[in-house]
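Here is a friendly tour in questions and answers. Please take a look at the sequence and the 3D structure first.

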Amino acid sequence: NLKMNRVADRSVVLEGDCRVTLKELVEKCDKGTAACHIASFDRISLGLLPSCEGGWAIAVSCLRQDEGGWLHIHANVTVNEREKWAH
């Protein structure tokens, strides 16, 4: 998908649980490693199901400090809550 949309050269894929992978990246950055140049994102996709809410705080801390960015969040919701989540 990244190649088809011609953004593979501008993307970083961190496979795994975002609560773990982003935290590890931040810890490496805090130690001054080369990971710092990729620890600031303009888009983060949080695909944990049934809810990615546990990753929101660490993801927000990894958004670009100068401009912010987008969190793409995913969750399973009941039919009764669909309207509440859609707005």
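The questions and answers below go through the terms used for this structure.

Q: What kind of model is this, and how are its residues numbered?
A: This is a predicted model, in which local features need pLDDT of at least 70 and side-chain atom pairs count only at pLDDT 80 or more, while totals for chains, interfaces and linings use all residues. Residues are numbered from 1 along each chain as its sequence is written, and side-chain values use heavy atoms, with hydrogens and water left out.

Q: What makes up the secondary structure of the protein?
A: There are three helices and two strands. Helices (H or I, at least four residues) and strands (E, at least two) are DSSP runs, numbered from the N terminus. Along the sequence, the pattern reads α-β-α-β-α.

Q: How do you know that strands E1 and E2 pair?
A: Two strands pair if DSSP finds at least two bridges between them. E1 and E2 (residues 70-73) have four bridges, in the parallel sense, so they pass that test. Within this pairing, Arg43 stands opposite Trp70 in E2.

Q: Which residues of strand E1 lie on its covered face, and which on its uncovered one?
A: In E1 (residues 43-46), Ile44 and Leu46 make the covered face, and Arg43 and Ser45 the uncovered one. In a regular strand the side chains alternate between the two faces of the sheet.

Q: Why is Thr21 called buried?
A: Buried means under 20% relative accessible area, exposed over 50%, and partly exposed in between (1.4 Å probe, protein chains only). Thr21 has a relative accessible area of 14%, so Thr21 is buried. This residue is found in helix H1 (residues 18-30). Across the protein, 17% of the 87 residues count as buried.

Q: What is Thr21 in contact with, leaving aside its neighbours within four places in sequence?
A: Thr21 is in contact with Leu14, Glu15 and Gly16. Contact means heavy atoms within 4.5 Å.

Q: Why is Ala57 called exposed?
A: Ala57 has 62% relative accessibility and therefore counts as exposed. Ala57 belongs to helix H2.

Q: How many salt bridges does a search of the whole structure find?
A: The search finds three salt bridges. Side chains of opposite charge can pair when their charged atoms come close.

Q: How do you know that Arg64, Asp66 and Glu67 form one network?
A: Asp66 and Arg64 meet in a salt bridge at 2.8 Å, N to O. Arg64 also forms a salt bridge with Glu67, with the closest N and O atoms 3.6 Å apart. Salt bridges that share partners join Arg64, Asp66 and Glu67 into one network. Asp66 is exposed at 57%, Glu67 is exposed at 62%, and Arg64 is partly exposed at 28%.

Key
Salt bridge = Lys/Arg side-chain N within 4 Å of Asp/Glu carboxyl O.
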